[in-house]
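Please work through the exercises below with the sequence and the model in view. Each task is followed by a solution in steps.

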Amino acid sequence: MAPWMMYALVVLMLWGLTGITQKLSTNHTSVRLTFVTYAAGYVPAATIILWREPFNWRISTTAWSLGILSGVLNGLGSLTIFAACRNGGKASVVTLLAALYPILTIAMAMPLLHESIRTREVVAIALALAAGVALSYEGKPLNRSRR
């Protein structure tokens, strides 16, 4: 197994746990407070990163701007996921639909970054979209009466 695959599997596990903790948190507090505590969780991670590897902070204005914009967009996306969970969304559906964001990234990367995709990637995207749609349908709960 390639080293990148192990990292990808760890991300899969961590983000899966994140989806559960997001839903649990929004069951107990407001979307705004959930977001603040979520953002506070980045502080220990950033501290560990800075402790292990000092950075050269001299980067271009473009790099700073893009990094900050990325953080703002991520934060707004997180707020939106929390709101969806808080307002009745099932974690299994909200997390799944939000996790399809790479498809939008791919669609934007083609014209903006001049990337191309092959037939295999097109098929994978179509299957991911189909799976997302299929998993987002919720059946009616079964009425089981107790005797």
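The model is predicted, so local features need pLDDT of at least 70 and side-chain atom pairs pLDDT 80 or more, while totals for chains, interfaces and linings use all residues. Residues are numbered from 1 along each chain as its sequence is written, and side-chain values use heavy atoms, without hydrogens and water.

**Exercise 1.** Describe how helices H1 and H4 pack.

Solution. Step one: locate H1 at residues 3–28 and H4 at residues 61–86; helices are DSSP runs (H or I, at least four residues) numbered from the N terminus. Step two: their axes lie 9 Å apart at an angle of about 65 degrees, where axes are lines fitted to C-alpha atoms over the stretch in contact and angles run from 0 to 180 degrees between N-to-C directions. Step three: list the contact (heavy atoms within 4.5 Å). H1 contributes Gln-22, Lys-23, Thr-26, Asn-27 and His-28, and H4 contributes Ile-81, Phe-82, Cys-85 and Arg-86.

**Exercise 2.** State which residues lie nearest the centre of the largest pocket, and which helix gives the largest share of its lining.

Solution. Step one: a pocket is an open set of points on a 1 Å grid over the protein atoms alone, where a 1.4 Å probe fits, with protein on both sides within 12 Å along at least five of seven lines; lining residues have an atom within 4 Å of a point. Step two: 31 residues line the largest pocket, and Trp-15, Thr-18, Gln-22, Tyr-38 and Ile-81 lie nearest its centre. Step three: H1 gives the largest share of this lining, 10 residues. Step four: H2 (31–40), H3 (42–52), H4 and H5 (91–98) also give two or more residues each.
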